[in-house]
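Please consult the sequence and structure shown below while reading.

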Amino acid sequence: MSIFERYLTVWVALAMVGGVLIGLAAPELVQLIASAEVASVNLVVALLIWAMVYPMMVGVDFGAVAGVARQPRGLIVTLVVNWLIKPFTMAFLAVLFFDHVFAPWIKPEDAAQYTAGLILLGAAPCTAMVFVWSQLTRGDATYTLVQVSVNDLIMVVAFAPIVAFLLGVTDIQVPWQTLFLATVLYVVLPLIAGLFTRHKLGSQEAIDAFSARVKPWSVMGLIATVVILFGLQGQTILAKPLVIVLIAVPILIQSYGIFALAYGTAFALKVPHRIAAPCAMIGTSNFFELAVAVAISLFGLNSGAALATVVGVLVEVPVMLSLVAFANRTRARFPEVETQYSKKTLNSN
(Lines give C-alpha, C1' and ligand atoms only; values in the text may rest on other atoms or scores of the structure.)
Protein backbone atom coordinates (compact mmCIF):
# COMPACT_ATOMS: atom_id res chain seq x y z
CA MET A 1 0.00 0.00 0.00
CA SER A 2 1.13 3.53 -0.74
CA ILE A 3 1.50 6.10 2.05
CA PHE A 4 -1.69 7.72 0.80
CA GLU A 5 -3.67 4.48 1.18
CA ARG A 6 -1.99 3.50 4.46
CA TYR A 7 -3.11 6.74 6.13
CA LEU A 8 -6.49 6.88 4.44
CA THR A 9 -8.29 7.38 7.76
CA VAL A 10 -6.24 10.51 8.40
CA TRP A 11 -7.04 11.96 4.98
CA VAL A 12 -10.74 11.22 5.47
CA ALA A 13 -10.71 12.99 8.84
CA LEU A 14 -9.06 16.02 7.24
CA ALA A 15 -11.61 15.85 4.41
CA MET A 16 -14.46 15.92 6.92
CA VAL A 17 -13.06 19.04 8.59
CA GLY A 18 -12.23 20.60 5.22
CA GLY A 19 -15.75 19.92 3.94
CA VAL A 20 -17.33 21.70 6.90
CA LEU A 21 -14.98 24.67 6.49
CA ILE A 22 -15.73 24.90 2.77
CA GLY A 23 -19.44 24.79 3.53
CA LEU A 24 -19.00 27.80 5.81
CA ALA A 25 -16.53 29.76 3.66
CA ALA A 26 -18.15 29.14 0.26
CA PRO A 27 -21.87 28.52 0.73
CA GLU A 28 -22.59 29.60 -2.86
CA LEU A 29 -20.34 26.84 -4.19
CA VAL A 30 -22.00 24.30 -1.91
CA GLN A 31 -25.45 25.38 -3.09
CA LEU A 32 -24.33 25.06 -6.70
CA ILE A 33 -23.21 21.48 -6.08
CA ALA A 34 -26.41 20.73 -4.15
CA SER A 35 -28.53 21.98 -7.05
CA ALA A 36 -26.97 19.46 -9.45
CA GLU A 37 -29.49 16.83 -8.45
CA VAL A 38 -31.87 14.52 -10.30
CA ALA A 39 -34.36 12.30 -8.44
CA SER A 40 -32.57 12.96 -5.12
CA VAL A 41 -29.29 11.72 -6.62
CA ASN A 42 -26.57 14.37 -6.58
CA LEU A 43 -24.82 14.14 -9.94
CA VAL A 44 -21.48 15.45 -8.66
CA VAL A 45 -21.37 12.84 -5.90
CA ALA A 46 -22.63 10.23 -8.38
CA LEU A 47 -19.72 11.00 -10.73
CA LEU A 48 -17.22 10.58 -7.90
CA ILE A 49 -18.81 7.34 -6.74
CA TRP A 50 -18.74 6.13 -10.35
CA ALA A 51 -14.99 6.80 -10.38
CA MET A 52 -14.63 4.80 -7.17
CA VAL A 53 -16.68 1.86 -8.42
CA TYR A 54 -15.20 1.60 -11.92
CA PRO A 55 -11.77 0.17 -10.91
CA MET A 56 -13.42 -2.75 -9.13
CA MET A 57 -15.74 -3.40 -12.07
CA VAL A 58 -12.67 -3.94 -14.22
CA GLY A 59 -11.99 -6.96 -12.02
CA VAL A 60 -15.41 -8.54 -12.63
CA ASP A 61 -15.13 -11.79 -14.58
CA PHE A 62 -18.52 -12.81 -15.96
CA GLY A 63 -17.13 -16.26 -16.65
CA ALA A 64 -17.02 -16.81 -12.88
CA VAL A 65 -20.55 -15.60 -12.09
CA ALA A 66 -22.00 -19.10 -12.39
CA GLY A 67 -19.53 -20.25 -9.73
CA VAL A 68 -21.32 -18.17 -7.09
CA ALA A 69 -23.93 -20.94 -6.88
CA ARG A 70 -21.18 -23.32 -5.75
CA GLN A 71 -20.36 -21.03 -2.80
CA PRO A 72 -23.78 -19.73 -1.69
CA ARG A 73 -22.97 -19.24 1.99
CA GLY A 74 -21.73 -15.65 1.64
CA LEU A 75 -24.83 -14.69 -0.32
CA ILE A 76 -27.12 -16.39 2.18
CA VAL A 77 -25.50 -14.56 5.11
CA THR A 78 -25.93 -11.23 3.31
CA LEU A 79 -29.60 -11.80 2.53
CA VAL A 80 -30.54 -13.06 6.00
CA VAL A 81 -28.77 -10.20 7.79
CA ASN A 82 -30.00 -7.49 5.41
CA TRP A 83 -33.65 -8.45 5.22
CA LEU A 84 -34.52 -10.55 8.27
CA ILE A 85 -32.40 -8.85 10.93
CA LYS A 86 -31.08 -5.39 10.07
CA PRO A 87 -34.35 -3.41 9.56
CA PHE A 88 -35.83 -4.75 12.79
CA THR A 89 -32.75 -4.24 14.98
CA MET A 90 -32.46 -0.67 13.68
CA ALA A 91 -36.11 -0.04 14.59
CA PHE A 92 -35.54 -1.55 18.05
CA LEU A 93 -32.47 0.61 18.71
CA ALA A 94 -34.22 3.75 17.46
CA VAL A 95 -37.19 3.21 19.79
CA LEU A 96 -34.92 2.26 22.69
CA PHE A 97 -32.81 5.39 22.48
CA PHE A 98 -35.29 8.04 21.36
CA ASP A 99 -38.30 6.89 23.37
CA HIS A 100 -36.37 5.99 26.52
CA VAL A 101 -32.62 6.70 26.84
CA PHE A 102 -32.68 10.15 25.19
CA ALA A 103 -36.24 11.05 26.23
CA PRO A 104 -35.15 13.74 28.75
CA TRP A 105 -33.39 15.73 26.01
CA ILE A 106 -35.65 15.24 22.99
CA LYS A 107 -39.27 16.22 22.42
CA PRO A 108 -41.58 13.25 21.69
CA GLU A 109 -42.51 14.57 18.24
CA ASP A 110 -38.82 14.97 17.32
CA ALA A 111 -38.05 11.51 18.68
CA ALA A 112 -40.70 10.00 16.39
CA GLN A 113 -39.14 11.74 13.40
CA TYR A 114 -35.61 10.54 14.20
CA THR A 115 -36.92 7.00 14.70
CA ALA A 116 -38.59 7.10 11.28
CA GLY A 117 -35.40 8.26 9.61
CA LEU A 118 -33.36 5.49 11.19
CA ILE A 119 -35.91 2.89 10.11
CA LEU A 120 -35.58 4.13 6.53
CA LEU A 121 -31.80 3.75 6.76
CA GLY A 122 -32.04 0.25 8.20
CA ALA A 123 -34.27 -0.96 5.38
CA ALA A 124 -31.95 0.19 2.58
CA PRO A 125 -28.74 -1.87 2.22
CA CYS A 126 -25.87 -0.43 0.22
CA THR A 127 -25.74 -0.37 -3.57
CA ALA A 128 -22.69 1.69 -4.54
CA MET A 129 -20.13 2.30 -1.81
CA VAL A 130 -19.87 -1.39 -0.96
CA PHE A 131 -17.81 -1.80 -4.13
CA VAL A 132 -15.29 0.63 -2.65
CA TRP A 133 -15.17 -1.17 0.70
CA SER A 134 -14.86 -4.51 -1.10
CA GLN A 135 -11.94 -3.22 -3.13
CA LEU A 136 -10.18 -1.91 -0.02
CA THR A 137 -10.49 -5.35 1.60
CA ARG A 138 -9.38 -7.15 -1.59
CA GLY A 139 -12.84 -8.64 -1.96
CA ASP A 140 -13.95 -10.81 -4.85
CA ALA A 141 -15.28 -8.36 -7.45
CA THR A 142 -17.51 -10.89 -9.19
CA TYR A 143 -19.09 -12.22 -6.00
CA THR A 144 -19.63 -8.68 -4.68
CA LEU A 145 -21.44 -7.73 -7.89
CA VAL A 146 -23.77 -10.72 -7.51
CA GLN A 147 -24.44 -9.89 -3.84
CA VAL A 148 -25.30 -6.27 -4.64
CA SER A 149 -27.45 -7.22 -7.63
CA VAL A 150 -29.51 -9.75 -5.66
CA ASN A 151 -29.98 -7.23 -2.84
CA ASP A 152 -31.18 -4.62 -5.32
CA LEU A 153 -33.72 -7.02 -6.79
CA ILE A 154 -35.05 -7.84 -3.32
CA MET A 155 -35.13 -4.14 -2.43
CA VAL A 156 -37.55 -3.50 -5.29
CA VAL A 157 -40.20 -5.73 -3.67
CA ALA A 158 -39.28 -5.71 0.04
CA PHE A 159 -38.32 -2.11 0.89
CA ALA A 160 -41.81 -0.59 0.86
CA PRO A 161 -43.56 -3.41 2.82
CA ILE A 162 -40.86 -3.47 5.51
CA VAL A 163 -40.89 0.32 5.91
CA ALA A 164 -44.70 0.40 5.93
CA PHE A 165 -44.80 -2.29 8.62
CA LEU A 166 -42.20 -0.66 10.88
CA LEU A 167 -43.51 2.90 10.47
CA GLY A 168 -47.17 1.97 10.57
CA VAL A 169 -47.67 3.92 7.36
CA THR A 170 -49.64 2.37 4.52
CA ASP A 171 -49.01 4.85 1.71
CA ILE A 172 -45.27 4.39 1.22
CA GLN A 173 -44.34 5.71 -2.20
CA VAL A 174 -41.04 4.21 -3.27
CA PRO A 175 -39.13 6.74 -5.40
CA TRP A 176 -38.60 4.40 -8.32
CA GLN A 177 -36.77 7.09 -10.27
CA THR A 178 -34.17 7.37 -7.49
CA LEU A 179 -33.81 3.60 -7.22
CA PHE A 180 -33.50 3.16 -10.98
CA LEU A 181 -31.14 6.10 -11.56
CA ALA A 182 -28.82 5.12 -8.70
CA THR A 183 -28.67 1.52 -9.94
CA VAL A 184 -27.83 2.63 -13.46
CA LEU A 185 -25.21 5.17 -12.33
CA TYR A 186 -23.56 3.05 -9.65
CA VAL A 187 -23.85 -0.47 -11.03
CA VAL A 188 -24.87 -0.73 -14.69
CA LEU A 189 -22.70 1.97 -16.27
CA PRO A 190 -19.51 1.17 -14.29
CA LEU A 191 -20.04 -2.52 -15.06
CA ILE A 192 -20.37 -1.86 -18.80
CA ALA A 193 -17.27 0.35 -18.70
CA GLY A 194 -15.37 -2.32 -16.75
CA LEU A 195 -16.31 -5.09 -19.18
CA PHE A 196 -15.36 -2.90 -22.14
CA THR A 197 -12.00 -2.16 -20.50
CA ARG A 198 -11.34 -5.86 -19.85
CA HIS A 199 -12.13 -6.63 -23.48
CA LYS A 200 -9.78 -3.93 -24.74
CA LEU A 201 -6.93 -4.88 -22.41
CA GLY A 202 -7.16 -8.56 -23.29
CA SER A 203 -4.70 -10.36 -21.05
CA GLN A 204 -4.96 -10.76 -17.28
CA GLU A 205 -1.53 -9.18 -16.86
CA ALA A 206 -2.68 -6.04 -18.67
CA ILE A 207 -5.88 -5.94 -16.59
CA ASP A 208 -3.91 -6.23 -13.33
CA ALA A 209 -1.51 -3.48 -14.39
CA PHE A 210 -4.38 -1.18 -15.39
CA SER A 211 -6.23 -1.82 -12.12
CA ALA A 212 -3.12 -0.91 -10.14
CA ARG A 213 -2.83 2.37 -12.06
CA VAL A 214 -6.44 3.47 -11.55
CA LYS A 215 -6.82 2.34 -7.92
CA PRO A 216 -5.35 5.59 -6.47
CA TRP A 217 -8.00 7.55 -8.39
CA SER A 218 -10.66 5.51 -6.64
CA VAL A 219 -9.27 6.50 -3.24
CA MET A 220 -9.04 10.15 -4.32
CA GLY A 221 -12.67 9.95 -5.40
CA LEU A 222 -13.56 8.78 -1.91
CA ILE A 223 -11.78 11.75 -0.33
CA ALA A 224 -13.50 14.20 -2.68
CA THR A 225 -16.87 12.62 -1.92
CA VAL A 226 -16.33 13.08 1.82
CA VAL A 227 -15.43 16.75 1.30
CA ILE A 228 -18.63 17.35 -0.66
CA LEU A 229 -20.91 15.43 1.72
CA PHE A 230 -19.62 17.30 4.76
CA GLY A 231 -19.65 20.57 2.83
CA LEU A 232 -23.33 20.09 2.03
CA GLN A 233 -24.14 19.42 5.70
CA GLY A 234 -21.67 21.78 7.35
CA GLN A 235 -24.35 24.23 8.53
CA THR A 236 -26.45 21.43 10.01
CA ILE A 237 -23.48 19.91 11.84
CA LEU A 238 -22.63 23.22 13.51
CA ALA A 239 -26.24 24.22 14.18
CA LYS A 240 -27.30 20.95 15.85
CA PRO A 241 -24.15 19.23 17.16
CA LEU A 242 -25.90 17.53 20.11
CA VAL A 243 -28.71 16.18 17.94
CA ILE A 244 -26.18 14.87 15.43
CA VAL A 245 -24.34 13.02 18.21
CA LEU A 246 -27.54 11.55 19.65
CA ILE A 247 -28.73 10.29 16.27
CA ALA A 248 -25.29 8.83 15.58
CA VAL A 249 -25.33 6.65 18.71
CA PRO A 250 -27.87 4.01 17.56
CA ILE A 251 -26.41 4.14 14.04
CA LEU A 252 -22.96 3.31 15.40
CA ILE A 253 -24.27 0.47 17.56
CA GLN A 254 -26.25 -0.90 14.64
CA SER A 255 -23.34 -0.65 12.20
CA TYR A 256 -20.79 -2.42 14.37
CA GLY A 257 -23.35 -4.94 15.58
CA ILE A 258 -24.52 -5.91 12.09
CA PHE A 259 -20.93 -6.18 10.89
CA ALA A 260 -19.99 -8.38 13.84
CA LEU A 261 -22.98 -10.63 13.21
CA ALA A 262 -22.40 -11.03 9.46
CA TYR A 263 -18.60 -11.25 9.69
CA GLY A 264 -18.73 -13.67 12.62
CA THR A 265 -21.30 -15.86 10.89
CA ALA A 266 -19.23 -15.94 7.72
CA PHE A 267 -16.20 -16.93 9.77
CA ALA A 268 -18.13 -19.71 11.52
CA LEU A 269 -19.32 -21.00 8.14
CA LYS A 270 -15.72 -20.93 6.83
CA VAL A 271 -16.52 -18.45 4.07
CA PRO A 272 -13.30 -17.24 2.37
CA HIS A 273 -12.26 -13.74 3.41
CA ARG A 274 -12.54 -12.27 -0.11
CA ILE A 275 -16.27 -13.15 0.08
CA ALA A 276 -16.83 -12.70 3.84
CA ALA A 277 -15.59 -9.11 4.04
CA PRO A 278 -17.88 -7.68 1.31
CA CYS A 279 -20.69 -9.88 2.65
CA ALA A 280 -20.49 -8.08 6.02
CA MET A 281 -19.95 -4.64 4.44
CA ILE A 282 -23.17 -4.69 2.40
CA GLY A 283 -25.40 -4.92 5.46
CA THR A 284 -23.37 -2.40 7.43
CA SER A 285 -23.43 0.26 4.73
CA ASN A 286 -26.63 1.98 3.55
CA PHE A 287 -28.31 3.12 0.33
CA PHE A 288 -28.52 6.67 1.65
CA GLU A 289 -29.95 8.26 -1.52
CA LEU A 290 -33.03 6.06 -1.27
CA ALA A 291 -33.43 6.64 2.48
CA VAL A 292 -33.07 10.43 2.13
CA ALA A 293 -35.49 10.57 -0.81
CA VAL A 294 -38.21 8.62 1.02
CA ALA A 295 -37.71 10.66 4.22
CA ILE A 296 -38.17 13.90 2.29
CA SER A 297 -41.23 12.63 0.41
CA LEU A 298 -42.91 11.33 3.58
CA PHE A 299 -41.93 13.93 6.17
CA GLY A 300 -40.51 16.95 4.34
CA LEU A 301 -37.11 18.42 3.55
CA ASN A 302 -36.58 20.00 6.98
CA SER A 303 -37.97 17.09 9.00
CA GLY A 304 -36.19 15.20 11.72
CA ALA A 305 -36.51 12.04 9.63
CA ALA A 306 -34.57 13.63 6.78
CA LEU A 307 -31.94 14.84 9.26
CA ALA A 308 -31.54 11.31 10.66
CA THR A 309 -30.90 9.87 7.19
CA VAL A 310 -28.33 12.60 6.55
CA VAL A 311 -26.52 11.71 9.80
CA GLY A 312 -26.35 8.17 8.45
CA VAL A 313 -24.45 9.54 5.46
CA LEU A 314 -22.01 11.44 7.67
CA VAL A 315 -21.34 8.49 9.98
CA GLU A 316 -20.95 5.89 7.25
CA VAL A 317 -17.51 6.71 5.84
CA PRO A 318 -15.49 6.81 9.09
CA VAL A 319 -17.34 3.74 10.41
CA MET A 320 -16.77 1.76 7.23
CA LEU A 321 -13.09 2.69 7.12
CA SER A 322 -12.64 1.38 10.66
CA LEU A 323 -14.33 -1.87 9.62
CA VAL A 324 -12.17 -2.10 6.50
CA ALA A 325 -9.10 -1.81 8.74
CA PHE A 326 -10.43 -4.52 11.07
CA ALA A 327 -11.28 -6.83 8.16
CA ASN A 328 -7.80 -6.42 6.70
CA ARG A 329 -6.13 -7.14 10.05
CA THR A 330 -8.15 -10.34 10.50
CA ARG A 331 -7.75 -11.68 6.95
CA ALA A 332 -5.29 -14.38 8.01
CA ARG A 333 -7.86 -15.92 10.37
CA PHE A 334 -10.12 -16.85 7.46
CA PRO A 335 -9.46 -20.02 5.47
CA GLU A 336 -9.15 -19.47 1.73
CA VAL A 337 -11.06 -22.54 0.63
CA GLU A 338 -9.46 -23.81 -2.54
CA THR A 339 -12.46 -24.72 -4.61
CA GLN A 340 -12.61 -24.51 -8.37
CA TYR A 341 -14.48 -21.22 -8.04
CA SER A 342 -12.05 -19.57 -5.62
CA LYS A 343 -9.07 -20.58 -7.74
CA LYS A 344 -10.64 -19.08 -10.83
CA THR A 345 -11.58 -15.81 -9.14
CA LEU A 346 -8.20 -15.62 -7.43
CA ASN A 347 -6.51 -15.81 -10.80
CA SER A 348 -8.86 -13.25 -12.30
CA ASN A 349 -8.26 -10.57 -9.67
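Helix α12 makes the greatest contribution to the lining of the largest cavity, namely four residues. The model is a predicted one, in which local features require pLDDT of at least 70, side-chain atom pairs count only at pLDDT 80 or more, and totals for chains, interfaces and linings use all residues. Residues are numbered from 1 along each chain as its sequence is written, and side-chain values rest on heavy atoms, with hydrogens and water left out.

**Largest cavity**

- A search of the whole structure identifies five cavities of 30 Å³ or more. A cavity is a set of points, on a 1 Å grid over the protein atoms alone, where a 1.4 Å probe fits but cannot get out, and its lining residues have an atom within 4 Å of a point. Grid points are joined across faces, edges and corners, and the volume is the space filled by probe spheres set on the points.
- The volume of the largest cavity is about 70 Å³.
- At least two lining residues come from each of α5 (73-101), α6 (108-122), α12 (241-268) and α13 (273-284). Helices are DSSP runs (H or I, at least four residues), numbered from the N terminus.
- The residues that line the largest cavity are Lys86, Met90, Leu121, Gly122, Ile251, Gln254, Ser255, Ile258, Gly283, Thr284 and Asn286.
- By class, this lining comprises four nonpolar, six polar and one charged residues. Ala, Val, Leu, Ile, Met, Phe, Trp, Tyr, Cys and Pro count as nonpolar, Asp, Glu, Lys and Arg as charged, and the others, Gly among them, as polar.
- Ser255, one of the lining residues, belongs to helix α12. Ser255 is buried, at 7% relative accessible area; buried means under 20%, exposed over 50% and partly exposed in between, with a 1.4 Å probe and protein chains only.
- Between the C-alpha atoms of Ser255 and Ala112 the separation is 21 Å, the two residues being 143 residues apart along the chain.

**Second largest cavity**

- The second largest cavity has a volume of about 50 Å³. Its lining consists of Ile49, Met129, Thr225, Leu229, Phe288, Val313, Glu316 and Val317.
- Two or more residues of this lining come from each of α10 (204-232) and α15 (304-329), and α15 gives the most, with three residues.
- Six nonpolar residues, one polar and one charged make up the lining of the second largest cavity.

**Salt bridge**

- The partners are Arg274 and Asp140, whose closest N and O atoms are 3.9 Å apart. Arg274 is in helix α13 and Asp140 in the loop between α7 (129-136) and α8 (141-167), so the pair ties together parts that are 134 residues apart in sequence.
- Arg274 and Asp140 are both buried.
- In general, side chains of opposite charge can pair when their charged atoms come close.

**Nonpolar surface patch**

- A nonpolar patch on the surface is formed by Val17, Leu21, Leu24 and Leu238, which together have about 360 Å² of accessible area. Such a patch joins nonpolar side chains (Val, Leu, Ile, Met, Phe, Trp, Tyr) within 5 Å, in residues with over 30% relative accessible area and no salt bridge. Accessible areas come from the Shrake-Rupley method with a 1.4 Å probe, and for residues only the protein chains shown count as cover.
- Helix α2 (residues 8-25) supplies the largest share of the patch, three residues.
- Leu21 lies in helix α2 and is exposed, with a relative accessible area of 52%.

**Loop residues with positive phi**

- Arg138, in the loop between α7 and α8, has phi near 55°, a positive value in a residue other than glycine. Arg138 is exposed at 55% relative accessibility.
- Lys270, in the loop between α12 and α13, has phi near 60°, likewise a positive value in a residue other than glycine. Lys270 is exposed, its relative accessible area being 51%.

- Leu261 lies in helix α12 and counts as partly exposed at 34% relative accessibility.
- Ile282 is part of helix α13 and is buried, with a relative accessible area of 0%.

Conventions
1 Å grid on protein atoms, 1.4 Å probe; cavity = no way out; pocket = protein on both sides within 12 Å on 5 of 7 lines; lining within 4 Å. Salt bridge = Lys/Arg side-chain N within 4 Å of Asp/Glu carboxyl O. Patch = residues over 30% accessible without salt bridge, like charges linked within 9 Å, V, L, I, M, F, W, Y side chains within 5 Å.
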